[in-house]
Amino acid sequence: MNRALRVFPWRGISRRLNERFLSSITFPPARAAIYVGVVVLLAGVIPVGPAVAQQNQSDPAVWKVGLARVDITPTEPIWLAGYAARNKPSEGVLAPLFAKAMLLEDFQGNRGLIITLDIIGFRENVAAEVARRIEEKTGLKREQVLICFSHTHTGPIVSLGAVAGYSVDEPNRAVIESYTRRLIEQLGDLAASAAESLRPAGLQWGVGVAPFVMNRREFIERGVRIGFNPRGYVDRSVPVLKATSPEGESLAVLFGYACHNTTLTGQHYVISGDYAGFAQAKLEEELPGVQAMFVTGCAADANPHPRGEIEHARQHGSTLAAAVREVLGGPMQPVRGPLKLAYRRVDLPLQQFTEEQLRAMAKGPDYLAGNARRMLEMLEKGEPLPKTFPAPIAVWQFGTDLTLVALPAEVVSDYALLLDSALGHLKLWVAAYCNEVFGYIPSAKVLSEGGYECRGVYVAPGFFAPEVEEVIVKEVREMAAGLGRPVPENWYR
Ligand SMILES: [Zn+2]
């Protein structure tokens, strides 16, 4: 799994698709694009929530925050997610796993719920069940719920139905199914508890830095493998959102880092939340009464460094907690409403291959071969190959103080740079691993270079095309502009 080799058909195909795509689109001037975006989006982004607010309707600095948490540590041995080479279920618990909720209600009564999970991720069918359960319990609609995965690789597989990508037998699959059903129930109850605990609060945010993330795309003679690349780009920022009581007492801290939660490897069979879990625990230990919640950034090509030992995970957790505390101890910016939310399912383009190209890929490294074989089977059955994959993208706009972009799946670091440019560098939080995790979303640059992050969708057949970058950036820009974020006229593309 760690040997990632460049695959030769990639470059030519990517370039050809890129040229065709670029020639078929004429970009309107930026102002017109914003205008069109605003008009198109009006129906989708009108603030949601009860029309009548009980609190001060004129002060956008006034919020209500509802907090809740639930222990989601598996109670029996269960197959752990993230490393296909594992050959047995978990053996004990190093640290408990949690689901945590923060419900925000702005001065106009608009509501949004953030759930953070010490879980690797789950796909659309589980996300839909979670959203349905939360709506039943709280009335919150899908677009009002943001699910953030810590992407721990020492947590359970979460799946309904068949489990792809792991050598799991039926009894172990049944354990996963039963854990997942219970988790869905727990998340409904968690949302209800958060709604019951709403209390007046203020919000502030700031950005710090932590040093242990490392670009993992190591270039070797034969291509790109998973290793370390000190010259490769990583996003080392630590965004922090703090909720405080009207008296100034800290209630909760939501913090991010763009680093794969993979300090621990396939050799580890003991449950934990890896560095992100240790960071949350450390903060909660040092700040009694405060709920700490972790949000992953664009980390698909970024690993912790060093890694491999439990001690490394603890150490990175402490480093990240210290970075968060540094932000909390400094001047933070006020975050005011109104809270405006957008949630869109966007069709991301997939590369189109000939049968001959797929046959060549099926002989390549595992991370390409499996997907290529599935596509060949489809061709043999006479089924058409998919042209797109639907991905949920969310944007949360906090007045004019902060934009939270929530991308789904495993997104490479380049997107932090692309979105900085397309949306403006300030008052921006770029998160990934949100709502659904279904595969790797590469940049055009990564696709042209090859390597593991080119593996595409892993819950269905398909490899993302280089145009995915343009589609996502343009969509997010439109969504943010539609919600009232001023976006720059000129940007890099
Ligand atoms: Zn991953």
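## Basis and overall make-up

The model is predicted: local features need pLDDT of at least 70, side-chain atom pairs count only at pLDDT 80 or more, and totals for chains, interfaces and linings use all residues. Residues are numbered from 1 along each chain as its sequence is written.

The chain has eleven helices and 19 strands. Both are DSSP runs, numbered from the N terminus: helices are H or I with at least four residues, strands are E with at least two. Of the 493 residues in the chain, 52% are buried. A residue is buried if 20 or more other C-beta atoms lie within 10 Å of its own, exposed if 12 or fewer, and partly exposed in between, with C-beta atoms placed from the backbone. Two residues are in contact if their C-beta atoms, placed from the backbone, lie within 7 Å. Take the contacts between residues at least 6 apart in sequence: 81% of them join residues at least 24 apart.

## Cores

A nonpolar core is a set of buried Ala, Val, Leu, Ile, Met, Phe, Trp, Tyr and Cys residues joined through C-beta atoms within 7 Å. The largest one holds 145 residues, and M102, I115, C148 and A431 touch the most other members. Helix α4 (residues 170-196) gives the most to this core, with eleven residues. A second, separate core has eight residues, including L358, M361, L368 and M375.

A431 touches C148, G256, V295, T296, G297, L404, V405, A406 and L407, when residues up to four places away in sequence are not counted.

## Helix packing

Two packed helices are described by the angle between their axes and the distance between the axes. Axes are lines fitted to C-alpha atoms, for helices over the stretch in contact, and angles run from 0 to 180 degrees between N-to-C directions. A crossing is left-handed if the near helix is turned anticlockwise from the far one by less than a right angle, and right-handed if clockwise.

| Helix pair | Angle | Axis distance | Crossing |
|---|---|---|---|
| α3 (residues 124-138) and α4 | about 35° | 8 Å | right-handed |
| α7 (residues 355-362) and α8 (residues 366-380) | about 145° | 8 Å | left-handed |

In the second pair, E355, L358, R359, M361 and A362 of α7 meet L368, A369, A372, R373, M375, L376 and L379 of α8. The contact of α7 with α8 divides into nine nonpolar, no polar and three charged residues.

## Helix α11

Helix α11 (residues 468-482) has 15 residues and should span 21 Å at 1.5 Å a residue; its end C-alpha atoms are 21 Å apart, which agrees. The expected span is 1.5 Å times one less than the number of residues. Eleven of the 15 residues are buried, so α11 is largely enclosed by the rest of the structure. The buried residues are V468, E469, I472, V473, V476, R477, E478, M479, A480, A481 and G482.

E475 is also in α11. With 18 C-beta neighbours inside 10 Å, E475 counts as partly exposed. Leaving aside neighbours within four places in sequence, E475 is in contact with R344, V346 and I393. E475 and I393 are 82 residues apart in sequence, yet their C-alpha atoms are 8.5 Å apart in space. After α11 comes G484, with a positive phi near 110°.

## Backbone sites

The bond from H305 to P306 is cis, with omega near 0°. P306 lies in the loop between β12 (302-304) and α6 (310-329). G337 and P338 are also joined by a cis peptide bond, with omega about 0°. P338 sits in the loop between β13 (333-335) and β14 (339-349).

Positive phi also turns up in residues other than glycine. D274, in helix α5 (residues 274-286), has phi near 55°. D274 counts as buried, with 33 C-beta neighbours inside 10 Å. K427 has a positive phi of about 55°. K427 is in the loop between α9 (414-423) and β18 (428-431), and is buried, with 20 other C-beta atoms within 10 Å.

Terms used. Nonpolar A, V, L, I, M, F, W, Y, C, P; charged D, E, K, R; others polar.
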